[in-house]
Amino acid sequence: MKRLLPPLIPFVVITLGLEFVVRSGLVAGYLVPAPSAVFRALVDSRDELAAAMAKTSAAALIGFALSTLVGISFAVLLSSSRAIQRAFYPYAVFFQTVPIIAIAPLLVIWFGYGMKTVIASAFVVSIFPVIANTLTGLLSTDPALRDLFRLYGASPGVTLVKLRFPAALPQILTGLRVASGLAVIGAIVGEFIGGAGLGSVVDIARTQQRVDKVFAAVLLASALGLALFGLINLVSALTLRRWHASEAGQ
Amino acid sequence: MNRREFVSASAALLAACGKPAPQQKTLRLALNWKPDPQFGGFYAAPYQKHGLEVEILPGGAGTPTVQMIGAGSAEYGVISGDELVVARARGNDVVALFAVFQNCPQGIMTHASRHVASIGDVVKEGTLAIQRGLPYARILEKKYGFDHVKVVPSPGGDISAFLRDDKFAQQCFVMSEPLQARHAGVEVRVFPVADLGYNPYTTVLATSGVQLKSDPDHAKVIVAAVREGWRTYLDDPLSTNTRMHELNPSMDAATFAEVAEAQKPFIEQGELGAMTAERWTTLIGQLRDLGDIPQGLPAQDCFRNL
């Protein structure tokens with residue numbers, strides 16, 4: 001309860017404030033929906049929203065999982081030699097700067113309408129923070145410990161698995177936290193173009209001037225982002241609590 | 001509002017904001033797409049001759065012009081008739097002043113090689129790219145069902161997916177995408193949405209009820225300028241097309257000329273821009289039947305012929 005209270009207070013204040021602002025006519029309901037209208041949209045369209053949420057969740061999760069897998073592997077490869085890093089890291093930055101909305105139509109051409117395009121979109125926007133953070137983590141191993149491993153004749157593979165990777169975990173997890181939110185955004189942008197899911201609900205509701213339903217769908221998207229974020233925090237707590245200051249304190 | 005009320009209201013307004021009379025300030029006219037022939041008359045209009053300073057704000061996919069008008073971030077805007085009705089039902093007091101397209105120029109484009117006989121046959125197989133939120137998409141669905149066709153989001157004006165797939169149909173402006181497809185060597189068949197009995201006014205100049213009440217004469221002036229602009233554009237679109245092409249180089253000069261010619265029959269029907277209560281009543285009834293608006297609303301509140 002003590003942990004729930006701090007985030008609950010702003011929630012209640014903002015919700016009541018918005019409700020008041022709209023009900024009193026200070027802001028028109030067709031510009032900003034009253035929280036009660038959003039809640040009603042959530043209830044009225046629950047079946048449609050639940051089905052859309054399931055699709056978006058699946059695509060965002062798969063895209064995120066791919067980002068994690070490919071991003072970490074790529075970073076390990078980059079960290080293996082200065083030359084490789086110089087050769088390929090600039091191209092990783094491409095993913096950071098790519099305006100997803102511009103390439104999303106191309107994704108449709110490459111992957112067709114539907115889930116594959118949505119997953120690709122989630123993957124493209126979420127991979128860079130995984131690469132960047134993992135690489136930083138892998139390159140900042142304590143030199144004293146690295147010397148120790150070398151002194152004992154540990155192979156590069158063993159050094160990676162037993163020392164460099166575990167030591168990089170806090171940074172990797174930070175990358176994953178950033179990537180989790182981006183994967184949800186990527187999935188929804190992909191759905192604008194590729195169809196299905198919450199992105200499609202937002203698109204349709206926007207055409208119908210249903211701001212309440214747009215916000216209902218956006219709320220569900222944030223819930224999805226929060227859930228992913230929570231999942232990573234759980235992994236973080238489980239893996240870091242015995243040795244890293246960021247988790248040990250709790 | 002009678003005249004005395006109007007004068008005192010205007011005086012109060014002027015006193016309150018201490019700005020020059022509204023006629024002298026720059027007015028914003030928000031478009032819902034990039035500069036192209038469907039807005040030709042707005043670009044050709046001699047605003048200055050009528051003592052107006054108008055800034056045209058080009059839009060893009062999803063520019064919420066109807067909300068912008070309601071929120072006052074643009075004094076005037078271009079919207080579609082159905083958007084206006086739905087907005088009014090949601091409490092956004094928007095009023096139509098000038099309807100450019102008397103017949104709805106939207107349609108469904110298919111490959112001619114499919115030999116489909118009617119709009120109903122289009123949804124029997126293949127893929128249909130359409131904005132599902134649009135009323136005509138739902139009328140189509142209600143009438144024929146979407147069980148046998150894969151419905152995907154509309155790619156805007158992009159026809160690349162269409163060109164690659166014979167079984168791909170997409171929503172279009174009947175004088176725009178079909179032209180592009182023919183240029184690309186694909187024969188097409190187009191079914192106007194009006195075939196479904198759905199024919200709202202489109203590319204409609206609208207303003208907010210507040211703006212209209214605060215200065216009805218002003219709306220009259222802008223409508224006169226716009227009507228003159230459309231007359232000019234219909235008679236000789238070349239110089240305006242050149243200007244719009246500079247603003248929107250993605251459409252080539254030849255296409256500008258072709259579209260300007262092709263859209264004429266949709267625009268020139270009696271007095272330019274004029275609307276009737278019957279047409280609005282029909283539209284309101286259709287949107288009510290679709291459930292887009294909870295109940296009917298008075299047609300005469302939707303528009304003013306100035």
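The model is a predicted one. I began with helix α4 (residues 81–89) of chain B, which lies across β3, β4 and β10 (202–208) of chain B. I read its direction as about 170° to β4(B). I then looked up helix α10 (residues 216–235) of chain B, which also packs on the sheet and touches β3, β4 and β10 of chain B. The direction of α10(B) makes about 10° with that of β4(B).

Next I took the sheet itself. I noted an open sheet of five strands in chain B, in the order β2-β1-β3-β10-β4, and its pairing is mixed. Which strands stand at the edges? They are β2 (54–57) and β4 (94–101) of chain B; each has a single partner strand, so one side of each is left without a neighbour in the sheet.

Strands β1 (residues 27–30) and β3 (residues 76–79) of chain B run parallel and are joined by two bridges. Leu29(B) has Tyr76(B) of β3(B) as its bridge partner.

Last, I turned to the contact between the chains. I found 21 residues from chain B and 19 residues from chain A in it. On the side of chain B that touches chain A, α3 (65–71), α4 and α7 (160–164) of chain B each give two or more residues. The largest share, four residues, comes from α3(B). By type, I listed the residues of this side of chain B as nine nonpolar, eight polar and four charged.

Key
Residues numbered from 1 in each chain as written. Chains lettered and ligands numbered in written order. Predicted model: local features only at pLDDT ≥ 70, side-chain atom pairs only at ≥ 80, totals over all residues. Pairing = 2+ DSSP bridges. Contact = placed C-beta atoms within 7 Å. Axes fitted to C-alpha atoms, helices over the stretch in contact; angles between N-to-C directions. Nonpolar A, V, L, I, M, F, W, Y, C, P; charged D, E, K, R; others polar.
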